[in-house]
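Q: Before looking at any single residue, I would like to learn how to read a model of this kind step by step. Could we work from the whole chain down to individual positions?

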Amino acid sequence: MLMVGILLAGAVGYTQLPVSALPEVRLSDHSSNYLLSGASPDVMASAVTAPLERQFGQVPGLQQMTSTSSDGSSVITLQFNSV
């Protein structure tokens, strides 16, 4: 009987808990690293970075985009408008 009472009290208490809205989180910066083993900086820039930049350039709210290509690696950083 005691266990049923505790279970009912827990169920009633759970339904009475206030639900607060989760805050809206907006990330203003995003950085991505892309790897292609053995590729030169020129290959990374033309085969990896440039196509990704064209696609990322269409994302709404994009304020600034920077990229760096090196041996086998490319880093693209996107900066969005903060709300």
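Q: What does the accessible surface of the protein chain come to, and how much of that surface belongs to carbon and sulfur atoms?
A: In this predicted model, the accessible surface of the protein chain comes to about 6,600 Å², and carbon and sulfur atoms account for 61% of that surface. Burial is counted by residue: of the 83 residues of the chain, 14% count as buried.

Q: Which secondary structure elements does the protein chain have, and in what order do they run?
A: The inventory comes to two helices and three strands, and, read from the N terminus on, the elements follow the order α-β-α-β-β. As for contacts along the chain, among those between residues at least 6 apart in sequence, 54% join residues at least 24 apart.

Q: How should I read a sheet, and in what order do the strands lie here?
A: One reads the order of the strands, then the sense of their pairing. Here three strands form an open sheet in the order β1-β3-β2, with antiparallel pairing. The edge strands are β1 and β2 (62–70), each of which pairs on one side only, and from one strand to the next the twist averages 15 degrees.

Q: How many bridges join β2 to β3, and how many pair β1 with β3?
A: Eight bridges join β2 to strand β3 (residues 73–80), the two running antiparallel, whereas β1 and β3 pair in the antiparallel sense over seven bridges.

Q: Is S32 buried or exposed, and which residues does S32 touch?
A: The place of S32 is in strand β1. The reasoning rests on a cut-off, since buried means under 20% relative accessible area; S32 has a relative accessibility of 12% and therefore counts as buried. Not counting residues up to four places away in sequence, S32 touches S74, V75 and I76, and the side chain of S32 also makes a polar contact with the side chain of H30, at 2.8 Å.

Q: Where is the place of L36, and with which residues is L36 in contact?
A: L36 lies in the loop between β1 (29–35) and α2 (41–56).

Q: Why does L36 count as partly exposed?
A: The class of partly exposed residues lies between the buried limit, under 20% relative accessible area, and the exposed one, over 50%. L36 has a relative accessible area of 38%, so L36 is partly exposed.

Technical notes:
Residues numbered from 1 in each chain as written. Predicted model: local features only at pLDDT ≥ 70, side-chain atom pairs only at ≥ 80, totals over all residues. Heavy atoms only, no water. Helix = DSSP H or I, 4+ residues; strand = E, 2+ residues; numbered from the N terminus. Buried < 20%, exposed > 50% of the residue type's maximum accessible area, 1.4 Å probe, protein only. Pairing = 2+ DSSP bridges. Axes fitted to C-alpha atoms, helices over the stretch in contact; angles between N-to-C directions. Contact = heavy atoms within 4.5 Å. Areas by Shrake-Rupley, 256 points an atom, 1.4 Å probe, with all protein chains shown as cover. Polar contact = N/O pair within 3.5 Å; in protein donor to acceptor, adjacent residues only side chain to side chain.
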